[in-house]
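Please read the following note beside the sequence and the structure.

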Amino acid sequence: MIKNQLLLLTTFVVCGLSVHAQLTVYDDYVGGGHSEDILISSSSNFTDPDWSDNSSPSHTIDGEGLNGPEAEAARFLYQAALGGSQKDVSDLAKTLDFEQWIDDQINLPPTNFLALTRQSYLAAKQRYQDLNGEQSEYLYNKVHFQYAFWQATIARNDLLRQRVAFALSEILVISTDSDIRNDGDGIASYYNVLMSNAFGNYRDLLEEITYHPAMGIYLSHFRNRSTDLENNVYPDENFAREIMQLFSIGLFELYQNGNLKSDSNGDPIPTYDADDIRNLAKVMTGFGAGALTEEGILEGRELDFNAGARILDYTVPMAMYDEFHEPGEKIILGNKYIPDGLTGEEDVDMALDYIFNHPNTAPFFVRRLIQQMVKSNPSPSYIYDVAQVFNDNGEGVRGDLESVIKAILLHEEARDCLWKELPSNGKLKAPAGRFTQIARSLVDKENNSKFWMTGYAFENETYHLPLSSPSVFNFYLPDYQPNGEILNNDLYAPEFEIHNSVTSIGFANQANAWSRQDRIFSITDLNYSVPLQRSELLEMAQEPEVLVNELDMVLCFGEMTEETRNTIINALQTIDFGTSILESRVEVALYLTMISPDFAIQK
Amino acid sequence: MSPKRKSVQSRRTFLKNSGCAALASTTLFSSLINMKALASASLDKKDEFGNYKALVCILLSGGADSHNMLIPKGASEYNEYLTTRSNLAIPQSQVLPLNHAPLNGKQFGVHPDMPQIKNLFDSGKLAWISNVGTLIEPITKAEYLSNSVSTPLGLFSHSDQIKHWQTGRPGERSSHGWGGRIADLILSQNDNLSMNVSLSGNNFFQNGETSSVFSIKPTGDFGLNGYGIDNNYNTIRDEAINSILERDYADIYKKTYTNTMKKSLEGNLEMEEALNEVAPFSTQFSDHDLSTQLKMIAKVIGARDTLGFERQTFFVNFTGWDHHDEILESQQEKLPMLDAALAEFMSALEELGVSDDVTTFTISDFGRTLTSNGDGSDHAWGGNAMVMGGSVNGGAIYGDAPSLELDSELMLPRGVLIPTTSSSEYFAELAKWFGVSQSDIHEIFPDLSNFYTGTGYPVGFMNQNP
């Protein structure tokens, strides 16, 4: 800082300067913090022949740093929520109290996805019938969950809980691409379980998904029977295998920092074998319908073990029918003993306890959650720190998700801006995440109340869509390594598994539709579309740099590189012909930002 | 000296890089033109093989219950099947008989929903490989039960087995598939496109160490919308796109993101142009995914000369075979699709005159348990696979057909069959036909010599004298 040098800058008073302000002369520089409520912006090197004052670049406020808090808030909000609205960002920027923000979020009432899905169906049906006649048929199906999902994304404010539930849906996977009955209830009810347990306990979460009918259908333990030697029928092993392999322990023994343990030959150590699966499969028998659908009741059907999938009420937990549960002792995970003589529920309880308490569960789960929210390659100490919190939240409780989420988001490795500078830090934003950020910050919320999307086009173009995974292994694997530098550096980058010659172009084409066709949500059958909020952007388009700065802050957390900025600004400046200059500039700026790596990569 | 007030807007014109700074990129399409020039130069190096061959890999993911696809028809073998499969067994009268020389003295047929596959088989265009599965080395039941011989990693686990069928290395957890390794050897020089084309995105089979996969959509729309169209500000936008994509990024995620996009853009343009030159097929393709995907593959094969490839691999993932539940109904839904798609594909290849040059083969995570779990079957091991093409010695079933009795020599508890032909042998034969040398074969399939040490074709389903 150079003191005692009077720097005369060309200053522009932007916000109110109170008339009665004292005229004190300071001898450091404008913007030195002596006056409140004055926003100073300036340029450097300005000389105007008519003016007697000139400026020099020392202490020129060039725009960097002024928006530091906003950038930091935006970055946090992407990690915690896949982005906030511009108001969310500026509110948070005022305090940067991330822990408070988390606490406030935790106290918000959770969105009820089952109710919202059913409401969305009724509202859409009304709309459809208004267009096609009162009697036209419009059936309840899985798209109505998709409508609810995006409705909640834009219009509901429990952002953190939604983010966690979505992350959980990519770990404890179920999918509409399955035999789950094609109405919205099954998926929506399951999603409610993820929502209600997002800040709860992992042990409860495991139990609730075990008993959920949608999971019972998805991994086929619904109506799973005990062994019948006479007929060569054995318990279905599907759920037993996947609850260990994907939902808790994983294939190999881990240290608490996530690293693989190895045996004396240097090979990884399996956590379970085929016998364990067979035994756990015996535990997972006897699940049947907890309630029938209206149709089933009207048909006069019995609520018993034989009630099949067609009349299964997906919104009521499955019941345990002991007559069909495999009796006898079971030994799982090598030496974990479940004695003879217990009820089915007691068997399941003990098994889930063993699985939950396995030392692998903490590093296995937290690594995946960190990969979902913050970065693809958490350091061993980051994983270790968060795993410790999973193991004991400080009050003797294991599996406390609220504490785990705080540990993930408030950890130095997530918050410290120095990490951004590492070329290997960060991750590719998954397509639905990129879309969420775009929609939240740019959709016209003032003139619209519904925010629906079927997702068909989005899924075809990006290979990603909430709750639509092609298999229980999710859209991308935690250990995926694209060829090239990422693989060569022994790093992981899951989201790149669906970034290929279809989807890299496909997402850009979606961005093209959003920017050019001025619609971010649209459904042809319902004659429905929601545009972007453009009026502010159009005004800014008169000055390309202003527009680009705005999109930089809104979409790139102020991280847009100099080269990208220049490319876009130059392109905009060249658009100075034709009848719709401002509209064209906004379209091009939006498109180029949305396809740029500065937006796609989360640092 | 009061500071002059200026509006916000005009202030912004005082940029650090004021004025219309020169665009960083070169003129429109110049980079694309350069890439094309490179590509056409590489076409001159055509004389590598002197002929064209393609491998088409159809993954039936989930573990297809192939014991209900190739089914015993003769009396005593059918009775074994019926007893073991109990409520999963297809009635004998419904099994469509295949016309073939007996295998281990047994006669077989196919599932009633596979009539066109039966026709392809009987006319010599399709063969079955019986009881094939992943193996590191031969193993007996006693050895398995006493854990004295190594078995494939993660036996019975989807994620491991589906990998092994694509890598051909069941003793490793490799991510590089044998299709990719072959492509690495061939070093195909088209810069924009890969000789590996996938209709199902990234996959292990085509994942080489240096070679890449070119994914396409079956629907035939390619490329960036609006790119290359000369109107309005499109050209300005295109220049900016080129500029962003051509930049060198230090950040490895940005670099990976952009490289993929750049190659995809250029590859898409080239592919689209080439496909436009392929005449429409007179073969009618059904309306479902697998048929649409195979139709696109046939089209790409039709464009092989324009694209400049002598060797190509194709991959398509036909999902949803993990039938723990409702297997009879599920197969009734899916088998007709598979049946139609294979027949339509063969027909289109015949139209193109390349049916001898294209070999289609099926893989799946595993065969399923012979025994029932109520209304489905569970993960098992040995299963049956199909190979189709003009160079296939069709109309025959290869390998061995062991007893399906529960206590039999190769039957593990729960109705799991130990394979009698290894996936190494199956793949090695396809690779040999494709033109991979003897030494490279053993490199790619390190376990092969545990089963076959000759220099010919390990199994015999491919025609060695084309």
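**Note on helix packing and contacts**

1. Helices H21(A) and H25(A) are roughly antiparallel to each other, a label given to angles over 145 degrees, whereas angles under 35 degrees count as roughly parallel, 65 to 115 as roughly perpendicular and the rest as oblique. H25 of chain A covers residues 581-595, and its axis lies 9 Å from that of H21(A), at an angle of about 155°. Axes are lines fitted to C-alpha atoms, for helices over the stretch in contact, and angles run from 0 to 180 degrees between N-to-C directions. Helices (H or I, at least four residues) and strands (E, at least two) are DSSP runs numbered from the N terminus.

2. The model is predicted, so that local features need pLDDT of at least 70 and side-chain atom pairs count only at pLDDT 80 or more, while totals for chains, interfaces and linings use all residues. Residues are numbered from 1 along each chain as its sequence is written, chains are lettered from A and ligands numbered from 1 in the order in which they are written, and side-chain values use heavy atoms, leaving out hydrogens and water.

3. Contact means heavy atoms within 4.5 Å; among the residues making it are A:Phe507 and A:Trp514 of H21(A) and A:Leu590 and A:Tyr591 of H25(A). The residues of this contact comprise eight nonpolar, two polar and two charged (Ala, Val, Leu, Ile, Met, Phe, Trp, Tyr, Cys and Pro count as nonpolar, Asp, Glu, Lys and Arg as charged, and the others, Gly among them, as polar).

4. H21 of chain A (residues 503-516) also meets H9 of chain B (residues 252-276), where the axes come within 8 Å and cross at roughly 90°. The two helices H21(A) and H9(B) are therefore roughly perpendicular. A:Ser504, A:Ile505 and A:Ala508 of H21(A) take part, with B:Met261 and B:Leu265 among the residues of H9(B). This contact has four nonpolar, four polar and no charged residues.

5. How many residues does the contact take from chain A and from chain B? Chain A gives 93 residues and chain B gives 81. The buried area is about 7,400 Å², with 57% from carbon and sulfur atoms (the accessible area, for a 1.4 Å probe, that two parts lose on being put together, summed over both).

6. Five salt bridges are counted between chain A and chain B (a side-chain nitrogen of Lys or Arg within 4 Å of a carboxyl oxygen of Asp or Glu). A:Glu237 forms a salt bridge with B:Arg414, with the closest N and O atoms 3.0 Å apart. Over all chains the count comes to 33 salt bridges.

7. Within chain A, A:Glu295 and A:Arg310 form a salt bridge at 3.0 Å, N to O. A:Glu295 lies in H12 and A:Arg310 in the loop between H12 and strand E4, so the pair ties together parts 15 residues apart in sequence.
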